[in-house]
Amino acid sequence: LYYAVWCLLRGANLISVRIGMMMNYLFCCLAAYGTLRVFVSPAVAFLASLFFLGFHLGWTYNHLGAIPFLLGSLFFLWKFFTTRSVRWCYFGTLALVGMALVKITAGVFSLVAYLLSLCSYNLIASRKNFFAFLHVKHYLFLSLMFGGLVLGSYSLWYFGIPWSWVDQCVGASPQYRSGLVSLLTNFKRLVAIFLDLSPYHLLIFETVVLAYLGLQCKKLSWDEKTSRWGALVSLFLFGLVHSTEYLFIGMVTYRLSFWWLPLLFLGAGLCAEWGKTLFARRLQVVLGLGWFLLILWPPFLNLKTALTWQIPERYVNLPHGQVYMGGELPDVETVIQGSRFIHSHTQTHERILAIPFDSVYCFLSGRRHATREGSFFRHLLISQEREDAIIRKLEEGSVPYIILSNRYRSTEPWIGFFGKTHCRKLARYIFKHYKAIKTLGGPWTPYKWTDAHGIKILKKK
């Protein structure tokens, strides 16, 4: 939705997508500022919220929309800690419903962390009872409200769609996790990440120590102390619960740092507020100014790099492009030349097939994808029936070209070798009835994550 609005206003092009993403970052900044204001001063909340403009969270563009809901749920949770008014718990659950509508697993994991945070706060504040300030019936009502709204919404969206199609999207069946790295291996890696004494981790440790010392020096009532400790515990629980997705998938960038960074930004704001009491007023101003300049440094470097990209070779002169493209120049040239070829050699009613995961060529060329499958990875377990349906679509003659990227034979375990580990019948049909007429980029050895991008354009014989 947050991208569709801008595509409607400005047309379906990459500029609209980037505007939608930046608006999402703005929402993250505002949500972080409001959440931190529950406990910290305006100046510190402002500085911490700026982190969202200085760090790139857009690894998965669709999941980025869940972050404002995540921050919103923490705002309502912290309001409950400070007021003990039950209505904030229900508002927070509604925020989690919104998060689940963006990414259902993230919403479910966050609900677990949300309820655990409520339990831990009640235990800390009362020193003996998990349900001291929130009756057990409310835990039940919150869970039922979340489940009813989420399941009701998804039932409307998926009504009439076969379960096998839905299962491909959510990966609920164990078969979609076969072949991945084991839970024990991923857990060992996770422990190693946290035990790595890098300067980054040492800085976090030092900040937490300063925050603890500053909090001990402040003259706070018992309720004020418990609400603040409850906030820190909630950040830890949310991060811990979201680490479970990493344990199943094993991808640090997409599944661990993506969900941990927003929580670290909030934690940095809390620690800065409590740690500043250890320093004199003038030193606080100096440190705040240094923090501000440090936050602005990454965006400055990004802008400096982006200015060097404004050269003719990087300009995507297509109706759905109209931007200068970053990245390695050979990869950029491959994408632009391949998209131009498809755009100029096909009619608007014709479709193309991109294998294994290259829908950017559909978007830039303005041609629709031939099938509902946007990717052809091994772990998706595309059925024999779907292969037959795709082959029938190709036989109709409305798919004159196929984009085959060098990632179709990948060393990444969840992608596999197209035609060997999966989609054998479809691959045999393609290689028999289509021939390569153009090769761009490379290499064409089994793909590794660090390899350059390359495509072959196949034309129907």
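Predicted model: local features only at pLDDT ≥ 70, side-chain atom pairs only at ≥ 80, totals over all residues.
Good morning. I begin with helix H8, residues 136-157: at 1.5 Å a residue its 22 residues should span 32 Å, and its end C-alpha atoms are 32 Å apart, which agrees. The expected span here is 1.5 Å times one less than the number of residues in the helix. Helices are DSSP runs of H or I with at least four residues, strands are runs of E with at least two, and both are numbered from the N terminus.

Residues are numbered from 1 along each chain as its sequence is written, and side-chain values use heavy atoms, with hydrogens and water left out.

Let us stay with H8. Which of its residues are buried? They are His138, Tyr139, Leu142, Phe146, Val150 and Tyr154. Buried means under 20% relative accessible area, exposed means over 50%, and partly exposed lies in between, with a 1.4 Å probe and protein chains only. Seen down the axis of H8, these buried residues fall within an arc of 115°, so they line one face of the helix. The arc is taken from the directions that run from the helix axis to the C-beta atoms. On the other side of H8, the residues Leu144, Leu151 and Leu156 are exposed. The cover over the buried residues of H8 includes H6 and helix H7, residues 104-126.

Helix H7 also holds Ser117. Is Ser117 buried or exposed? Its relative accessibility is 0%, so Ser117 counts as buried. Leaving aside neighbours within four places in sequence, Ser117 is in contact (heavy atoms within 4.5 Å) with Leu77, Phe81, Ser234, Leu237 and Phe238. Ser117 and Phe238 are 121 residues apart in sequence, yet their C-alpha atoms are 8.4 Å apart in space.

Ser49 is found in helix H3, residues 42-49. Ser49 is buried, with a relative accessible area of 4%.

I turn now to the nonpolar cores. In soluble globular proteins, nonpolar side chains tend to be buried together. A nonpolar core is a set of buried Ala, Val, Leu, Ile, Met, Phe, Trp, Tyr and Cys residues joined through side-chain atoms within 4.5 Å. The largest such core in this model has 68 residues, and those with the most contacts inside it are Ile67, Trp78, Leu118 and Leu270. Leu118 touches Leu77, Phe80, Cys89, Leu134, Tyr139 and Leu142, if residues up to four places away in sequence are not counted.

Next come the charged side chains. How many salt bridges are there? The count comes to six, where a salt bridge is a side-chain nitrogen of Lys or Arg within 4 Å of a carboxyl oxygen of Asp or Glu.

One of them joins Asp223 and Arg84, with the closest N and O atoms 3.0 Å apart. This pair links distant parts of the chain, 139 residues apart: Asp223 is in helix H12 (residues 222-249), and Arg84 is in the loop between helix H5 (66-83) and helix H6 (87-102). Asp223 counts as partly exposed at 41% relative accessibility, and Arg84 counts as partly exposed at 27%.

Another salt bridge is formed by Asp388 and Lys425, whose closest N and O atoms are 2.7 Å apart. Asp388 lies in helix H17 (residues 384-395) and Lys425 in helix H18 (residues 424-433), so the pair ties together parts that are 37 residues apart in sequence.

Arg372 and Glu373 also meet through their side chains in a salt bridge, at 3.7 Å from N to O. Arg372 counts as partly exposed at 35% relative accessibility, whereas Glu373 counts as buried at 5%. Arg372, Glu373 and Arg386 are linked in a network of salt bridges.

I close with the strands. Two strands pair if DSSP finds at least two bridges between them. Strand E2 (residues 401-405) and strand E4 (residues 454-460) run antiparallel and are joined by five bridges. Here Tyr401 stands opposite Lys459 in E4. Strand E3 (residues 434-441) also runs antiparallel to E4, with seven bridges between them. Leu440 has Ile455 as its bridge partner in E4.
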